[in-house]
Amino acid sequence: MQNRSARLYAAAAILIWASLAALGVKLAHLPPFLLVGATLTFAGLITLPTLRQWRVPASTFAIGVAGLFGYHFFLFVAFRNAPPVEANLLNYLWPLLIVLLAPLLLPGTRLTRRHLLAAATGFVGAMLVVSKGHAGFDSSYLGGYGAAAFAALLWASYSLLTRRVPPFPTAAVGGFCLVSGLLSLSCHFLLEPATPLLAGDLPWILLLGAGPMGGAFFLWDKAMKTGDAREMGLMAFLTPLLSTVILVLAGGGTLDSWALAGGLLIVGGALAGTRPTASA
C-alpha cells in the first residue's frame with residue numbers, strides 16, 4: 001500500500017513537471033534566473049504558514065537548497081555554454097543516476113539486472129524523445145556538458161539523500177524553495193539584464209510556483225521518502241515524453257516517430273522495472 005501511494009505521488013509530480021514547457025512558453029520573454037527566482041520564491045511564500053516545520057538541521061537545509069537552487073543554476077550554465085538539445089539530454093541523466101546511485105546512498109538497496117536493463121531502456125527512450133535523432137556532442141562545449149551532468153547529479157543526489165538524512169517534514173521543502181528562489185533572484189540581478197515583470201506575467205508565475213516549480217517538489221519529496229527509489233527513477237523517464245504530449249495537446253508541437261519510439265521504450269522500461277518480484 002505504501003509503495004502504491006509513493007507511485008501516485010511520483011506520477012503526480014512527473015505529470016506536473018511535464019507541464020513546465022507548455023506553461024513556460026507564456027513567460028519565454030523572461031530571463032531564466034528571474035523566472036526560476038520568481039516562481040520558487042512564490043512557492044516558498046505560500047507555504048509560510050508551515051514555517052515552524054522548516055526547522056531542520058543545517059545540513060539537511062543545505063542539501064535541500066543544493067538540490068533546488070544548485071540544479072537550476074548548473075542547468076542554466078549548461079544551456080548558456082552548450083547546445084540546448086545536448087544539454088537537455090545530459091540533464092535527463094538524473095533518473096538514471098537515481099537508479100544507479102540508490103545502492104550507494106541508501107543502505108539495504110541493491111540493483112538487479114532487471115533494474116539496470118530498465119534504466120538503460122528508459123534513458124535511450126528519453127534520448128530519442130529529446131534529441132529526435134539529431135544530437136552531436138562537440139568537445140568545444142565540454143564545460144556546458146559538464147554543467148548539465150553536474151546538475152543531473154545534484155538533483156539525483158538530493159532526491160536520494162532526503163531518505164538518508166534524519167526524517168524531516170515535507171513542509172520544509174517550502175523553506176528550500178524560498179531560499180533557492182531568493183538565490184536565483186540574486187543571480188538574475190548579477191548575471192542577467194534587468195527585466196520588468198508585466199501584469200500579464202503574474203498569473204503564469206503563480207501557476208508555475210504552485211505547480212511544476214513548487215507543488216511538484218513536495219509530491220516528489222513524499223514519493224522519494226516512502227517509495228522504492230529505483231522505481232521512482234524509472235518512472236521519472238516519463239517526464240520528457242509527457243512534456244512532449246502536453247505541448248502537442250497545447251498546439252505547440254507534433255508527436256513524431258522519434259517521440260513515439262522513445263515513448264515505447266520509456267513505458268516498457270518503466271513497466272519492466274517496477275513490476276513486483278520476490279528477489280528485487
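In the predicted model, F217 is buried, with a relative accessibility of 5%, and its ring takes part in one of the 17 aromatic pairs that the structure holds. The partner is W17, and the two rings are tilted, with 6.1 Å from centre to centre and 55 degrees between the planes. Because W17 belongs to helix α1 (residues 2-18) and F217 to helix α11 (residues 215-226), this pair ties together parts that are 200 residues apart in sequence. W17, at 10% relative accessibility, likewise counts as buried. Both residues also belong to one aromatic cluster, which is formed by W17, Y71, W94, W155, Y158, F217 and W220.

A further tilted pair is formed by F33 and F73, whose ring centres are 5.8 Å apart and whose planes lie at 35 degrees. This pair, too, links distant parts of the chain, since F33 is found in helix α3 (residues 32-45) and F73 in helix α4, 40 residues apart. Apart from the ring pairs, K225 is placed over the face of F168, at 3.5 Å from the ring centre.

Helix α3, which carries F33, has end C-alpha atoms 20 Å apart, in agreement with the 20 Å that its 14 residues should span at 1.5 Å a residue. Of these 14 residues, 11 are buried, so the helix is largely enclosed by the rest of the structure; the buried set consists of F33, L34, L35, V36, G37, A38, T39, L40, T41, A43 and G44. The elements that cover these buried residues include α4, α9, α10 (201-210) and α11. In helix α9 (residues 173-191), H188 is buried, with a relative accessible area of 2%. Leaving aside its neighbours within four places in sequence, H188 is in contact with P31, F33, L34, P193, A194 and T195, and two of these residues, F33 and L34, are among the buried positions of α3.

Helix α7 (residues 113-131) comprises 19 residues and reaches 27 Å from its first C-alpha to its last, close to the 27 Å expected at 1.5 Å a residue. Its buried residues are R114, H115, A118, A119, G122, F123, G125, A126, L128, V129, V130 and S131. The residue that follows the helix, K132, has a positive phi, near 55 degrees. Helix α7 is also one of the elements against which the buried residues of α5 pack, together with α4 (58-81), α6 (94-105) and α8 (142-164). In α5 itself (residues 84-91), the buried residues are E86, A87, L89, L90 and N91.

The largest pocket has a volume of about 1,200 Å³. Of the 40 residues that line this pocket, L20, A21, F79, N88 and S243 are the closest to its centre. Two or more lining residues are given by each of α1, α2 (20-24), α3, α4, α5, α7 and α13 (238-249), and the largest share of the lining, six residues, comes from α13.

Definitions and conventions: Residues are numbered from 1 along each chain as its sequence is written. This is a predicted model: local features need pLDDT of at least 70, side-chain atom pairs count only at pLDDT 80 or more; totals for chains, interfaces and linings use all residues. Side-chain values use heavy atoms; hydrogens and water are left out. Helices (H or I, at least four residues) and strands (E, at least two) are DSSP runs, numbered from the N terminus. Buried means under 20% relative accessible area, exposed over 50%, partly exposed in between (1.4 Å probe, protein chains only). Contact means heavy atoms within 4.5 Å. The expected span of a helix is 1.5 Å times one less than its number of residues. Rings of Phe, Tyr and Trp (its six-membered ring) pair if their centres lie within 6.5 Å; planes under 30 degrees apart count as stacked, over 60 as edge-to-face and the rest as tilted. A charge sits over a ring if NZ of Lys or CZ of Arg is within 6 Å of the ring centre and within 35 degrees of the ring normal. On a 1 Å grid over the protein atoms alone, a cavity is a set of points where a 1.4 Å probe fits but cannot get out, and a pocket is an open set with protein on both sides within 12 Å along at least five of seven lines; lining residues have an atom within 4 Å of a point. Grid points are joined across faces, edges and corners, and a volume is the space filled by probe spheres set on the points.
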